[in-house]
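Hi,

Here is the structure I promised to pass on. Have a look, and my notes follow below.

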Amino acid sequence: PLLRVSSPDHAPLTFDVDSLSTRVSDPAVQVVNLAAHAWTHGDSLAFTAHRLSLPDSRLSGGGVVTWPRGPVLYDFALKASRFDLRDFHWISPLFPDMVGQATLIARSRSRRLNAYTFQDLVASGDQGKVEGDVTVLTDNRRGLGVEDMSLSLTDLDLDVPRPYLDTIPLQGTLTGTAEGNGFLDGLNLATDLTFHDRLVPGGA
């Protein structure tokens, strides 16, 4: 069966999902295949996802989502044996086209502030490679930010950070390390980077 539901003695409703595909509105994701155990009571849903497949990501994990009043609040962790950052455009539509592995920890710190931690991140694609740890902050008032960012970059195209920063009048790639904290309107960065100018053959 696709779904088994049990609620003896009016206890919290528990259910097991053998296989499910659906579109979720919050967060805005397309679930290709889900196998999970969950229970719901009042304004809370706790879940253990044995298998969670997004269009190009494979994850497992669990946690709780609640909706006391207003937006949905998150507190879950998912380990991705494979993930595509495009499947996480609900966090930031500016994420580059990269695939890799990571552990994602999502926590709502308030109704307007969410924190998404990417641990042991390894992501690569045509625009270069990124490794390390970073917490991405989304705030209804201040927008996007980062916390405890510690990343190693390899041949990272400047088109990747360009949407997050002021206009960068350069074309090329970056290799080295980048650390940072803060929202984009007041970001503190510490970098040790080598720039390779695409417009100058062999240039740096």
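How many residues of the lining of the largest cavity are nonpolar, polar and charged? The lining divides into eight nonpolar, one polar and no charged; here Ala, Val, Leu, Ile, Met, Phe, Trp, Tyr, Cys and Pro count as nonpolar, Asp, Glu, Lys and Arg as charged, and the others, Gly among them, as polar.

Before the rest, a word on the source: this is a predicted model, where local features need pLDDT of at least 70 and side-chain atom pairs count only at pLDDT 80 or more, while totals for chains, interfaces and linings use all residues. Residues are numbered from 1 along each chain as its sequence is written, and side-chain values use heavy atoms, with hydrogens and water left out.

Back to the cavity. Searching the whole structure turns up one cavity of 30 Å³ or more, and the largest cavity holds about 40 Å³ of space. A cavity here is a set of points, on a 1 Å grid over the protein atoms alone, where a 1.4 Å probe fits but cannot get out, and lining residues have an atom within 4 Å of a point. Grid points are joined across faces, edges and corners, and the volume is the space filled by probe spheres set on the points. Among the lining residues are Leu59, Leu78, Thr103, Phe83, Phe88 and Phe118. Strands E6 and E7 each supply at least two of the lining residues (strands are DSSP runs of at least two residues, numbered from the N terminus).

Now the aromatics. Rings of Phe, Tyr and Trp (its six-membered ring) pair if their centres lie within 6.5 Å; planes under 30 degrees apart are stacked, over 60 edge-to-face, and the rest tilted. That rule gives 10 aromatic pairs. Tyr74 and Tyr116 make a tilted pair, because their ring centres are 6.4 Å apart and their planes sit at 50°. Tyr74 is in E6 (residues 73-84) and Tyr116 in E8 (residues 113-125), so this pair ties together parts 42 residues apart in sequence. Both tyrosines are buried, meaning under 20% relative accessible area with a 1.4 Å probe, protein chains only.

Phe88 and Phe118, two of the cavity-lining residues, form an edge-to-face pair, 6.4 Å centre to centre with 85° between the planes. Phe88 lies in the loop between E6 and E7 (99-108), and Phe118 in E8, 30 residues apart. Phe88 and Phe118 are both buried.

Cheers

Conventions: Helix = DSSP H or I, 4+ residues; strand = E, 2+ residues; numbered from the N terminus. Buried < 20%, exposed > 50% of the residue type's maximum accessible area, 1.4 Å probe, protein only. 1 Å grid on protein atoms, 1.4 Å probe; cavity = no way out; pocket = protein on both sides within 12 Å on 5 of 7 lines; lining within 4 Å.
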